[in-house]
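Here is a short briefing to read alongside the model. Take a look at the structure first, then follow the points below.

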Amino acid sequence: SLPNAERYALQYADGRQTYITESNRRDIKNGSILRLTTSPDQEAEHLYMGIQSKNVDVKTDSLKKLASLSQDVTFAQEYISRNGLKQIYSIVEEGNDTGEMLAHTLKAFTELMEHDFVSWENLSTVFIKKIVSYVNMNAVDASIQQLSLSILENMVPTSHLLFELVKKEVTLDRLLTHLQATNAELQLKAMALLIALLLSATNAERRDMMDYLREKNLRQFIHKNIIHSSEPLGDEMAHYLYVLQSVSLNLCEHRMKTSMDPYSQEQRDLLQSLRQTAFESESEVPTGSFSTERRRSLCAKEFRKLGFMNNSNPAEDLRRAPPGLLALDNMVYFSRNTPNAYSRFILENSSREDKHECPFARSCIQLTLILCEILHIGEPCSETAQAFYPMFFGQDHFFEELFCICIQLVNKTWKEMRATQEDFDKVMQVVREQITRTLSLKPTSLELFKTRVNALNYSEILKLRQTERLHQEETLAAPVLELREKLKPELLELIRQQRLLHLCEGTLFRKISSRRRQDKLWYCRLSPNHKVLHYGDVEEGVPSLPIESLPEKIPVADMKMLLVGKECPHTKEKSSGKQNKDVLELAFSIVYDVEEYCLNFIAPTRYEFCLWTDGLNVLLGKEMTSERTQTDLDVLLSMELKLRLLDLENINIPDKPPPVPKPPSNLNFCYDFSHAEQ
């Protein structure tokens, strides 16, 4: 009923203050507070004019408001359609404005580009070089440098030309200077750009960059000033350290996937150096005194002592890829850097009985493969993982040094198990368990890893296995199985209650776009009466939020179904890129309302994924299907059964109940209460 109604629009009064349009009007929930405001096209026109103003205050206020409104897709579309980005380009390219005005301009630009209406490749070289100059200059406000680093980080993955340009203009030295800043946010943005450059580089470029960073002691700096700083490590920085570790370890991938070439002189020399280092005193006999045949048989004998399966042609053992040449590199590193330990390993096993000797070469090849699997060498980086090993940054040549500790562990475990050649696979299985159990404790240095892994000897592994087996095993007598079935419904109800309580507490979820890992968070929780799901965007570092502060809601009655993994719409959108396995495992969506809208989640951990999918299935009246349900049920059943069977300890429970005796011939032994009452 307003005159010129098209000049007005409705907008959410709190939260992200999004405009209401035809496409999102159905998303308005009961209880949402809306306000009447100028329409997006009028606002865009007003700000467009304000930015052209000669009055500095008007221009600054217009840019500040633009930075705030640009988060809204409707407004962004209107502003870009007026060629608004050209205004931003000119402010940056002319370079007359600095300080607060420039910060608002860059913030607005970042938000506008986030909507993907305009390609990053349309940017002019002048504009990019200006952004680069803010990163490279010293006398620039930190907030401008942060925004500039963020813009470059978004730009790098979009095209190889932009990557080349940024790599050329922003030197690694400059990024290292920002990394050493005391401002944590600036440090984070510099790390983000460094990671974006590494991920966009070719294998050769990545290797050169990593070599340069090694020369500049980046690893030592991270170990001392980031991992061991007084401030706790944020999720974002933990993710970047994980990627840096992953990229660094993946430099081994080429050697891991390359088989040995028996005609390569260099590789044959490396093999011979292993033999000569181990048996140099025996090889001092002048070779001229032996015939060729005799020399060949001596070499074959020595290669057999080294533990090669094919002693006449040891190169054959290294034809398997993976681990390929990486196994040879590790053997050579071990023999050159710890010659005493190497000689001890070889000579100790040479003097054992034939079937009890631990084959050095075969063990090295298998151990290299195990380490590659444990450290995920050759696998693409996850978009969300944060699991880095602090000790990785505390050591140069981490992979090789870890190998040197573990190959000595193989020999130690071999002796503890009194193993023979037939037990080789069993020994390697125990060694894998020793390594993975120790790594899960997140030791901070290789020295600590060495101490812990050696303390976890074979008898300790057996004790741990026995304990785990006892936890898993239950008496399988028929009456006990019957009791299990009777207890199940009660315990499943207990698990349902726990899942719903977890949903009521709420969880912080991270938004992930197809282009990059975003630092935007949102919170979702169930109302105490289990009738409504509340959710909304939040800032990082905010503790558990009250329900009143979450603007969006979905009535449980409107929920239609739960989708997981590949069925989710947000994983289908991403399938054009390199599909990431871990995102698929953590993705789930709720389909709700008549129109079948979707609320999409990516759980922070597998544990949260299980609890949320179970809780949502309970709300939908369906079975809980996650692996966590089975685990929890097994634990509760095990505990309940043990408590109930405590009195039957060491008593054999028969499969069939004992027979009920016949009734007695008379019942005179019964007490007659009626006489007592009289």
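Where does P322 lie? P322 sits in the loop between α16 (292-305) and α17 (324-337), where helices (H or I, at least four residues) and strands (E, at least two) are DSSP runs numbered from the N terminus. This is a predicted model, in which local features need pLDDT of at least 70 and side-chain atom pairs count only at pLDDT 80 or more, while totals for chains, interfaces and linings use all residues. Residues are numbered from 1 along each chain as its sequence is written, and side-chain values use heavy atoms, with hydrogens and water left out.

**Confidence**
- The protein has an average pLDDT (the predictor's confidence in each residue, from 0 to 100) of 84, and 92% of the residues score at least 70.
- Confidence is lowest in helix α29 (residues 673-677), with a mean of 63, and highest in helix α21 (residues 424-439), at 94.

**Backbone points to check**
- A321 and P322 are joined by a cis peptide bond with omega of about -10°.
- The peptide bond from P322 to P323 is cis as well, with omega near 5°, and P323 is also found in the loop between α16 and α17.
- D116, in the loop between α5 (99-113) and α6 (125-136), is a residue other than glycine with a positive phi, near 65°.
- With a relative accessible area of 48%, D116 is partly exposed; buried means under 20% relative accessible area, exposed over 50% and partly exposed in between, using a 1.4 Å probe and protein chains only.
- N217 is not a glycine either, yet has a positive phi of about 60°; N217 lies in the loop between α11 (203-215) and α12 (218-227) and is partly exposed at 39% relative accessibility.

**Helices α24 and α27**
- The axes of α24 (residues 478-505) and α27 (residues 606-619) come within 8 Å and cross at roughly 110°; axes are lines fitted to C-alpha atoms, for helices over the stretch in contact, and angles run from 0 to 180 degrees between N-to-C directions.
- The two helices α24 and α27 are therefore roughly perpendicular to each other (under 35 degrees is roughly parallel, over 145 roughly antiparallel, 65 to 115 roughly perpendicular and the rest oblique).
- Contact (heavy atoms within 4.5 Å) involves residues including R496, L500 and L503 of α24 and Y607, W612 and L616 of α27.
- L616 of α27 is buried, with a relative accessible area of 0%.
- Leaving aside neighbours within four places in sequence, L616 is in contact with L503, L533, M559, L562, F588 and I590.

**Aromatic pairs**
- Rings of Phe, Tyr and Trp (its six-membered ring) pair if their centres lie within 6.5 Å, with planes under 30 degrees apart counted as stacked, over 60 as edge-to-face and the rest as tilted; the count comes to 24 aromatic pairs.
- F509 and W612 have ring centres 5.3 Å apart and planes at 75°, so this pair is edge-to-face.
- That pair links distant parts of the chain, with F509 in strand β3 (residues 507-512) and W612 in helix α27, 103 residues apart.
- F509 is buried at a relative accessible area of 1%, and W612 is buried at 0%.
- F588 and F601 form a stacked pair, 4.6 Å centre to centre with 10° between the planes; F588 is in strand β8 (residues 587-592) and F601 in strand β9 (residues 597-602).
- Both F588 and F601 are buried.
- Ring pairs link F509, W522, Y535, F588, F601, F609 and W612 into a cluster.
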